[in-house]
Amino acid sequence: MACMHVCPTQAIRVRRGAALVLHDRCIDCGECVRVCPNTAIHPRTSSFSDFSGFRHTIAIPSPVFYAQFGKDVTPSAVLQGLKKIGFDDACDVAGASESVSIAIQEYLDANDSPRPLISPFCPAIVRLIQIRYPNLLNHLIPIESPMAIAAREAKRQAMQRLGLKESEIGVIYITPCPAKMLAVKDPPRRRHGFVNGTISIAEIYPNVLRAISESGGAGGEGEIRGLGLGWPVLGGQLACLKAQDCLAIGGVSDAVRVFEEIENGKLRDIQYIEVHSCPTACVGGSLTVENSYIARGRVLHMVQKYGSTPSRDRAEIRDLYQKNFFALHGKIPPIPLQPLDEDVSRGLQKLHQKRELYERLPGIDCGACGAPNCSVFAEDVVRGEATAEDCVFIAMRHFENLSATLLDKVRAHSEKVRHTGGPTS
Amino acid sequence: MAVPYTQSFDIRGRDFAHAGSASTEIKSLLKSLGINAAIVRRVAIAAYEAEMNAVMYAERATMTFSVTPDVVAISLEDRGPGIADIDLAMQEGWSTATHEMREMGFGAGMGLPNIKRNADEFVIRSEVGKGTTLKIVIYIR
């Protein structure tokens with residue numbers, strides 16, 4: 001039941017001993033994957049053979065992947081390793097991260113849309129906003145993710161160089177988390193078709209590690225550079241910006257606290273908020289292999305070593321920004337939660353029923369009913385998704401009452417028997 | 001005729017650790033009823049400003065929230081210093097916030113004007129040395 005208690009959006013119930021995910025509330029953050037002792041919850045990433053239909057395959061690893069290996073393994077050695085295990089090509093994403101940072105700065109400078117602006121790059125956070133904070137959708141900065149930009153560019157270059165059609169090229173993202181995976185794969189979450197599939201870091205890591213050690217870790221120095229390498233750690237985005245008054249937030253519960261404040265009209269003097277569903281940002285993704293603190297150290301080391309030289313000319317990026325190169329594809333719609341009732345009057349009745357039931361509950365949030373706490377359980381009951389007797393305390397009281405009635409009946413009967421002189425008379 | 005849903009919250013002055021929790025609860029109730037997001041935001045801002053005023057200035061307060069299919073009503077009764085000149089307090093930028101409150105990001109003198117801006121009906125009464133009463137109504141339809 002660890003998963004049910006850890007879920008930040010109360011999207012898990014335990015039914016007949018197994019976890020049930022309520023998909024309309026799930027934001028894909030992967031906290032449940034992290035804590036499940038039985039590894040029962042695991043996202044379905046693709047495997048290598050799923051991409052055999054493409055004539056040309058390109059791996060684009062999240063920069064988190066670079067930090068899974070020892071500090072002597074350079075980012076370019078990691079890309080070489082991916083090619084060795086069978087991808088036709090492997091392209092860096094950190095360069096796109098740096099370009100996107102410049103685009104963010106341009107957007108901040110040129111727009112006076114409602115502040116604070118919120119980063120749209122963690123799909124779990126975007127989904128949290130779509131479901132619970134539709135009021136904040138217009139705070140999301142309308143800029144495409146480094147993953148999408150890198151994928152689109154890799155495809156375009158391969159088409160030019162090899163004379164292939166777009167449909168013949170498969171771009172596969174090496175993902176640190178289920179949120180990115182679902183953002184690519186799941187149609188309602190999917191906004192563009194630049195990325196064709198994902199493989200988790202955990203799954204591909206052993207093969208790439210072997211390939212790198214077989215080649216002695218060689219892979220050239222310095223081709224991959226820029227501050228984009230720092231994006232996987234908390235504050236990595238902000239380090240690329242000139243803007244002051246920015247915040248970096250990690251973890252859904254802290255994100256919720258800040259979103260509540262923004263909804264209440266606070267934090268208007270903050271320019272930009274970098275938000276991640278993972279407390280330590282992307283290096284803490286639930287599909288990674290390395291301890292997130294070690295990985296963070298490696299990222300900072302890479303930034304120190306390769307960060308000072310920009311990957312691309314700033315003026316060139318500005319020019320691309322003006323041409324809408326970074327503009328977000330498609331609108332991000334709200335995904336409203338099912339209200340208590342379609343009819344507000346009946347919804348009000350259900351609120352009353354919920355409160356009445358809640359007052360009869362023990363309030364210790366034991367979870368034995370299969371809901372994460374008493375309040376959620378009371379709501380499940382009024383929504384008709386559970387019954388009050390699923391609560392052991394209510395069931396026990398029910399049983400006590402029943403047995404008391406039964407006992408009374410037995411007593412009354414024996415009294416009667418005694419007075420009439422026994423059943424045989 | 002639908003029965004309104006009513007809930008009361010006790011607010012303690014200077015209790016900054018729990019400040020905002022009543023407004024958060026009110027928002028979550030309205031969201032569970034499926035009330036339009038723009039209305040929820042207006043209620044959120046008005047409720048939060050009212051709650052923060054009580055936390056900052058009053059000793060104690062009771063905030064009562066009530067919702068029907070047509071309106072959201074919030075009333076707040078506090079025991080506190082009261083407001084000597086309500087017209088002045090309603091002016092944007094006017095504030096009696098201390099340095100400490102300003103350090104915490106409050107006291108821009110926008111609280112009461114913000115409530116008024118987001119409310120469809122707004123009544124404020126105050127008696128110096130006794131306390132202040134606010135009534136806020138926001139129409140749902």
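A residue counts as buried if 20 or more other C-beta atoms lie within 10 Å of its own. By this criterion, four positions are buried in helix α5 of chain B (residues 111-118): G111(B), L112(B), I115(B) and N118(B). Because they cover an arc of only 135° around the axis, they fall on the same side of α5(B). These buried residues pack against helices and strands of chain B, namely α2 (37-57), α3 (86-89), β4 (121-127) and β5 (131-139). The model described here is predicted.

Chain A contains 14 helices and nine strands. Its C-alpha atoms fill a box of roughly 105 × 50 × 40 Å along the principal axes. Of the 425 residues in chain A, 44% are buried. The domain assignment divides chain A into domain 1 (48-322) and domain 2 (340-425). The C-alpha centres of domain 1 and domain 2 of chain A are 51 Å apart.

The largest nonpolar core comprises 92 residues. Those with the most contacts inside this core are I58(A), I60(A), V78(A), A150(A), A151(A) and V171(A). Helix α6 of chain A (residues 146-162) contributes the largest share, seven residues. Another core, of 50 residues, lies apart from the largest one. Its members include V344(A), L351(A), L361(A) and L33(B).

Strands β8 (residues 246-250) and β9 (residues 272-276) of chain A run parallel and are joined by five bridges. In this pairing, I249(A) stands opposite V275(A) of β9(A). Helix α9 of chain A (residues 252-263) forms a right-handed β-α-β unit with β8(A) and β9(A).

The two chains also meet. In this contact, 21 residues of chain B touch 15 residues of chain A. On the side of chain B that touches chain A, α1 (21-32) and α2 of chain B each supply at least two residues. Helix α2(B) gives the most to that side, with six residues. The buried residues of α5(B) also pack against α2 of chain B.

Definitions and conventions: Residues are numbered from 1 along each chain as its sequence is written. Chains are lettered from A and ligands numbered from 1 in the order in which they are written. This is a predicted model: local features need pLDDT of at least 70, side-chain atom pairs count only at pLDDT 80 or more; totals for chains, interfaces and linings use all residues. A nonpolar core is a set of buried Ala, Val, Leu, Ile, Met, Phe, Trp, Tyr and Cys residues joined through C-beta atoms within 7 Å. A residue is buried if 20 or more other C-beta atoms lie within 10 Å of its own, exposed if 12 or fewer, and partly exposed in between; C-beta atoms are placed from the backbone. Domain bounds come from an automatic or database domain assignment. Two strands pair if DSSP finds at least two bridges between them. A crossover is right-handed if, with the strands pointing away from the viewer, the path from the first strand over the helix to the second runs clockwise. The arc is that of the directions from the helix axis to the C-beta atoms. Two residues are in contact if their C-beta atoms, placed from the backbone, lie within 7 Å.
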